[in-house]
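Student: Please take me through the terms used for this structure, and set each value against its definition.

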Amino acid sequence: MAKPELIARQSRQPSGWFGEIVARVMAFETEPVNRVAVQELALQPGESVLEIGCGHGRTLARLAGRPDAHLAGIDPSDVMVRLARKKLQRCIETGRAEISLASSGKIPHRDARFDAAFAVHVVYFWRDPLADLHEIHRVLRPGGRILLGYRPRDAEAVASLPASVYTLRSVDEIEALLAEAGFTAIRTSERVIGKVPCAFTHARRAG
């Protein structure tokens, strides 16, 4: 069954009272994929990490258990930023976390700021994915890594996700975009999570 366009648009950028409802549903629906993404990211003690499209903040909150990790998140939705700041309030107060209202096309952080960056179920919404990847590349230190978690394009995904909101890409297309943006050591693992095919593509900024 195809996702209604109204729900799809709210999934991209929740707003208003309805967006808050969608945000809470998304927190439940995306939890299994985000849990796997945390495992794939393998954040090390002391590393700084940026989540692009941090949403409700639950994934960053899970990473808060890593000793000395510095957490940052950006999201274009004021609903999501408010929820994430509430979820991470203690970490924000102690200077271990910061959440910004921003998009991946203009990240409000200095060059080479992060050891790692990740985005889960976000790549579909980038109108100019190469520009977004260049901006992520900018804020990663030399040797820093990026992880993209997404549903690759297949017939079922095309039928269920409205093309007016979602731009679905194959694993090969995602890997090609990363290479064009200057990333190296590109590799992808694929698995089925809750009957849904998911891909996790890793890459590094050249050292």
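The turns below go from terms to values.

Tutor: This is a predicted model, in which local features need pLDDT of at least 70, side-chain atom pairs count only at pLDDT 80 or more, and totals for chains, interfaces and linings use all residues. Residues are numbered from 1 along each chain as its sequence is written, and side-chain values use heavy atoms, with hydrogens and water left out.

Student: Why is Cys54 called buried?

Tutor: Buried means under 20% relative accessible area, exposed over 50%, and partly exposed in between (1.4 Å probe, protein chains only). Cys54 has 2% relative accessibility, so Cys54 counts as buried. Cys91, with a relative accessible area of 14%, is buried too. Buried residues make up 52% of the 207 residues in the chain.

Student: How many disulfides does a search of the whole structure find?

Tutor: A disulfide is a pair of cysteine sulfur atoms within 2.5 Å. The search finds 0.

Student: What makes α7 largely enclosed by the rest of the structure?

Tutor: Helices (H or I, at least four residues) and strands (E, at least two) are DSSP runs, numbered from the N terminus; the chain has 9 helices and 7 strands. In α7, 8 of the 11 residues are buried, so α7 is largely enclosed. Among those buried are Asp132, Glu135 and His137. The cover over the buried residues of α7 includes β1, β4, β5, α9, β6 and β7.

Student: Which residues touch the most other members of the largest nonpolar core?

Tutor: A nonpolar core is a set of buried Ala, Val, Leu, Ile, Met, Phe, Trp, Tyr and Cys residues joined through side-chain atoms within 4.5 Å. The largest has 34 residues, and Leu50, Ile52, Leu133, Ile136, Ile146 and Leu148 touch the most other members. Elements giving two or more residues to this core include β1 (48–52), α7 (129–139) and β5 (140–150). Apart from this core lies another, of 26 residues, among them Val36, Leu41, Leu60 and Ala84.

Student: What is Ile136 in contact with, leaving aside neighbours within four places in sequence?

Tutor: Contact means heavy atoms within 4.5 Å. On that basis Ile136 is in contact with Ile52, Ile107, Ala117, Trp126, Ile146 and Phe183.

Student: How do you know that β6 and β7 pair?

Tutor: Two strands pair if DSSP finds at least two bridges between them. Strand β6 (residues 183–193) and strand β7 (residues 196–205) have 9 bridges, in the antiparallel sense. Glu190 stands opposite Ala199 in β7. The two strands form a hairpin with 2 residues between them, and Gly194 in the turn has a positive phi of about 60 degrees.
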